[in-house]
Amino acid sequence: MTVHTGTVDAHHHVWDLSVRDQDWIVGPELAPLRRNFTVDELEAEARTAGVHRTVLVQTVTVAEETPEFLTLADEHDLIGGVVGWTDLTRPDVADELARLRELPGGRYLRGVRHQVQGEPDPQWLLRPDVRRGLGAVAAAGFVYDLVVLPHQLPACVRAAAALPGLTFVLDHLGKPPIASGELEPWATHLRALAALPNTVCKLSGMVTETDPTRQRSARERRREMLPYADTALDAFGPGRLMFGSDWPVCTLATTYGGVAFMADGLTLGLSGDERAQVFEGTASRVYRL
């Protein structure tokens with residue numbers, strides 16, 4: 001594996017189950033995640049992989065989590081930015097974003113995310129109250145992370161087109177159906193989103209979209225992911241694509257180093273400058289690290 005010194009990991013999580021439950025961790029397949037995951041545990045693995053800065057991303061729709069993450073960023077040099085959560089539908093969302101910015105560590109707040117993948121309405125992003133909230137995110141100078149499923153991508157396209165002043169960051173390539181090997185209609189929707197200049201994408205979360213029932217090597221998993229990574233690279237280009245580990249969720253399939261190894265292999269066809277964009281430049285620019 002090529003170690004990219006100066007790499008930015010644009011997507012990871014931490015949680016402490018003694019502070020609050022992560023109610024999405026249910027079922028035997030997610031059981032390995034039912035423990036605490038701390039920045040200290042992450043740091044050793046990240047440094048070994050050449051990562052010098054990370055973006056800490058929300059996990060639950062709980063208002064208290066974002067201030068906690070900002071404090072962590074204030075205490076750990078590794079964390080360069082935080083993507084937090086706030087209720088976009090609240091009438092005073094602009095005031096709430098301003099309040100978060102004034103908290104200890106508030107200078108690390110870079111974006112907002114909501115678990116859109118869990119919303120039953122595929123048009124949730126287009127609701128008037130949500131669009132008003134997204135406008136407040138843009139006005140505050142933050143970005144908006146999209147965690148969505150493939151059928152929700154058309155709404156993402158319409159939302160991004162309606163708000164050209166807001167940068168939309170697509171997490172995990174929109175969770176393509178890698179396990180089934182199908183590319184469409186995901187690829188068509190992804191290209192439509194990428195056609196908008198205010199969108200970027202994370203090369204993240206793919207390893208856990210592969211078939212969890214099949215035992216195979218990291219190289220074999222990488223081959224499964226390659227058509228999806230190539231589609232994203234072709235659609236967004238290296239200047240709008242960024243590496244993210246999705247740690248610790250990735251540990252369901254591989255180690256932190258394993259994810260970095262796979263991402264390295266998925267970008268072997270790029271030039272040195274292009275790889276530098278994927279592994280550092282894009283995230284540093286988008287999240288102002």
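The following legends describe close-up views of a predicted model.

In this predicted model, local features need pLDDT of at least 70 and side-chain atom pairs count only at pLDDT 80 or more, while totals for chains, interfaces and linings use all residues. Residues are numbered from 1 along each chain as its sequence is written, and side-chain values use heavy atoms, with hydrogens and water left out.

**Figure 1. Strand β2 and its two parallel partners, β1 and β3.** Helices (H or I, at least four residues) and strands (E, at least two) are DSSP runs, numbered from the N terminus. Two strands pair if DSSP finds at least two bridges between them. Strand β1 (residues 7-12) runs parallel to β2 and is joined to β2 by four bridges; Thr7 stands opposite Val51 in β2. Four bridges also connect β2 with strand β3 (residues 79-84), again in the parallel sense, and Leu56 has Val82 in β3 as its bridge partner. The chain passes from β2 through helix α2 (residues 65-75) to β3 in a right-handed β-α-β crossover. A right-handed β-α-β unit is likewise made by β1, helix α1 (residues 39-48) and β2. A crossover is right-handed if, with the strands pointing away from the viewer, the path from the first strand over the helix to the second runs clockwise. Strand β2 (residues 51-57) is largely enclosed by the rest of the structure, because five of its seven residues are buried. Buried means under 20% relative accessible area, exposed over 50%, and partly exposed in between (1.4 Å probe, protein chains only).

**Figure 2. The aromatic pair of Phe37 and Trp247.** Rings of Phe, Tyr and Trp (its six-membered ring) pair if their centres lie within 6.5 Å; planes under 30 degrees apart count as stacked, over 60 as edge-to-face and the rest as tilted. The structure holds six such aromatic pairs. In the edge-to-face pair of Phe37 and Trp247, the distance is 5.5 Å centre to centre, with 90° between the planes. This pair links distant parts of the chain, 210 residues apart: Phe37 belongs to the loop between β1 and α1, and Trp247 to the loop between β8 (241-243) and α8 (256-266). Phe37 counts as buried because its relative accessibility is 2%, and Trp247 is also buried, at 1%. Ring pairs link Trp15, Trp24, Phe37 and Trp247 into a cluster.

**Figure 3. The aromatic pair of Trp186 and Tyr228.** The ring centres of Trp186 and Tyr228 are 5.4 Å apart and their planes stand at 55°, so the pair is tilted. Trp186 lies in helix α6 (residues 186-194) and Tyr228 in helix α7 (residues 218-236), so the pair ties together parts that are 42 residues apart in sequence. Both Trp186 and Tyr228 are buried.

**Figure 4. The largest pocket and the second largest pocket.** Rolling a probe the size of a water molecule over the atoms shows where empty space is left. On a 1 Å grid over the protein atoms alone, a pocket is an open set of points where a 1.4 Å probe fits, with protein on both sides within 12 Å along at least five of seven lines; lining residues have an atom within 4 Å of a point. The largest pocket has a volume of about 750 Å³. Its lining has 29 residues, of which Trp24, Leu30, Lys175, Val249 and Leu252 are the closest to its centre. The second largest pocket has a volume of about 220 Å³. Among its 15 lining residues, those closest to the centre are Val14, Trp15, Asp16, Glu68 and Leu72. Helix α2 gives the most to this second lining, with four residues.

**Figure 5. Cis peptide bonds at Pro185 and Pro248, and positive phi at Leu173 and Arg288.** Most residues other than glycine have a negative phi, and most peptide bonds are trans. Glu184 and Pro185 are joined by a cis peptide bond with omega of about 5°, and Pro185 is found in the loop between β6 (168-170) and α6. The bond from Trp247 to Pro248 is also cis, with omega near 0°; Pro248 is placed in the loop between β8 and α8. Leu173, in the loop between β6 and α6, has a positive phi of about 60° and is buried, with a relative accessible area of 0%. Arg288, in the segment after α9 (272-286), has a positive phi near 50° and is partly exposed, with a relative accessible area of 43%.

Key: Grid points are joined across faces, edges and corners, and a volume is the space filled by probe spheres set on the points.
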